[in-house]
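User: Could you walk me through how to read protein–DNA contacts in a model like this one?

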Protein chains: 2
Amino acid sequence: MATMVDVASLAGVSTSTVSHVLNETRHVEPETKERVMSAVKATGYRRDVLARSMRRARTDSIGLVVSDAGEPAFADMVHGVEEAAAHNGLSLLLANSAEDPARERAAVEALLDRRVDGLILARVAGSTAGLLERIRKEKKPLVLLDRLADLGGDQGQVDQVGVNNQAAMAALVDHLTSQGHERILLVSGDLRVSSLRERYDGFRAAMLTKGMAVPPELLCEGTVTAAATFDRVRPLLATASGRPTAILACSTLLAAGALRAVQHEGLRVPGSMAFATFDGFTYSDLFQPQITTVRQPAFQLGESAVSLLLQRLENPAAPATILRLESRIEFRRSTSNSSTD
Amino acid sequence: MATMVDVASLAGVSTSTVSHVLNETRHVEPETKERVMSAVKATGYRRDVLARSMRRARTDSIGLVVSDAGEPAFADMVHGVEEAAAHNGLSLLLANSAEDPARERAAVEALLDRRVDGLILARVAGSTAGLLERIRKEKKPLVLLDRLADLGGDQGQVDQVGVNNQAAMAALVDHLTSQGHERILLVSGDLRVSSLRERYDGFRAAMLTKGMAVPPELLCEGTVTAAATFDRVRPLLATASGRPTAILACSTLLAAGALRAVQHEGLRVPGSMAFATFDGFTYSDLFQPQITTVRQPAFQLGESAVSLLLQRLENPAAPATILRLESRIEFRRSTSNSSTD
DNA sequence: CTGAAAGCGCTTACAG
DNA sequence: CTGAAAGCGCTTACAG
């Protein structure tokens, strides 16, 4: 591999000049510049980013840690981040934490080791409290994505971008109650995940506003896998008496478990059970049942996270920004009374 | 940030000794070692991996570029790679190429710049011939994942891991013909993608073996998006005369386009059209129609790719390994004659 | 307009 | 058993 010294000697200049030409960081005579550039070409020189990073403050790279890049919503967020990063000349280091706090921690440490200029995190459910502290100590710009932090006032705020879960939930409850549903089973998952907590709180608030009861047996929370959700939901559907008339799942995973329970009990959607979910399934237009779904603007969430990070890099002292984008509800037959199936 | 010099002076030793203690690369008196370790703790010292990498041959990191980490099959491969990498103390730099050759090229360059110890690539359809050459020139270990290379003999071989597409296709054709299907529409996509090419070739070979005709109008190839596939497939289903009785899609994306065409024409699966696909949809057990699917052992593909890479790092001169794992076929109602729907 | 030289934080022969 | 010093490949004051 050719080094800068090779280029300099071939061009008959100093390495300072080569560096300045490459970085356009001070004026160089056109003719000299020319010589340098052709020496670069002749030697096939490529700047060593490791050495470069060691001298500079920046690495022009950012890190993204998501709990599972394979989940549809996260996949789109990743795309958004990639697009925006590439657009801004940043390279992206991506890591999955697989919903495992230890993996998440390890991923963050690896990214810090590589001196990323900033971090974007969609944290896992059991994310340790120390993680944000660790990043703050390193003085690394940080943006929280989708799963936000509920920080106390004096801990300092963090830039965050998520969706307006309350509003989406209110609209969904509106829709379901307008169809005459009074007994709605909420499958809300792990409430340590802020987005799930917000949906849970949003549901209760919306029901309260409507003057409707929310009996505890219709709040199914705490399950983390589809299988566990199946086990929890199934008994709730077993007997016709007291059975909910609608199920509302707060994530794709939860929807999968709940739907499996519905089918296991021989109930048809929407014939004998209405069903709606957040996030939902890919290619769902092709399959039955057609499920009413709250779609996040996932791609834009990713893009916005990068924007916030860039702003933060520009202006480290600015107050934190908290962005809430609006979701879109796709109404389908699974919550429609007029349907025959 | 504390540096090695800080640690050394606090412990009253040289930086050599600190380095050797940290790397366990030469014997150090237990008592000295102790002093160094407590100085490390006291200063909160963390080794600078950039500086370290600059002096060493290795960065203990590998790069993975996939065409879309959000597609189910690729998502599982990514998980396999991550798991195996973590297990071997390697950190993983992941990049999506979004089926765009330019993005792929940029991703590879970024990874080379970061001096990954090796690369794993699931290449895009239009991947430039120069890409492999570029990596070879850099003398970087490389493993091809899922989408293999059809290299000429004297270009030198590359380590690769994929599935046995021929065998899976033969079994599928066996299954369909045994159900009485003679007119099978093959939706094969972009034949520059080696796995799709293999499925295409496998189909023709299997049909030939059965002594069955493969009329050109039942070979739908070259489409890259679901929308384009829809447009190509729809007219083939428009009139009952000459309509295929079964459709075989070679990827999730192609299946989506074809299925949309089937539904647009008002045909029911499997009532009026049998349907099978490679890769398939997630959570497909929950939805109708239930589609016969060839599942790749995607996670294991990812793991195997890392194994091959590690072997290559150990032994750069060894002949290339080409690994073929077996897929599993999930037979479902979409290809079952006895079903009423 | 350009160059000589220090320095980023490590690793590793070389020497004792 | 340990240390002084060179060097990895850059960037950047400093000097002219």
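User: Which polar backbone atom is 3.0 Å from a phosphate oxygen of DNA strand C?

Analyst: A polar contact is a pair of N or O atoms within 3.5 Å; within protein, one must be able to donate a hydrogen and the other to accept it, and residues adjacent in sequence count only if both atoms are side-chain atoms. Here, the backbone atom belongs to Ser14(A).

User: What should I keep in mind about the source?

Analyst: This is a predicted model, where local features need pLDDT of at least 70 and side-chain atom pairs count only at pLDDT 80 or more, while totals for chains, interfaces and linings use all residues. Residues are numbered from 1 along each chain as its sequence is written, chains are lettered from A and ligands numbered from 1 in the order in which they are written, and side-chain values use heavy atoms, with hydrogens and water left out.

User: How many residues surround DNA strand D?

Analyst: A residue is near a strand if one of its heavy atoms lies within 4 Å of it. For DNA strand D there are 28, with Arg52(A) and Ser16(B) among the closest.

User: Which backbone atoms lie by phosphate oxygens of DNA strand D?

Analyst: A backbone N or O atom of Met4(A) lies 3.0 Å from one, and a backbone N or O atom of Glu29(B) lies 2.8 Å from one.
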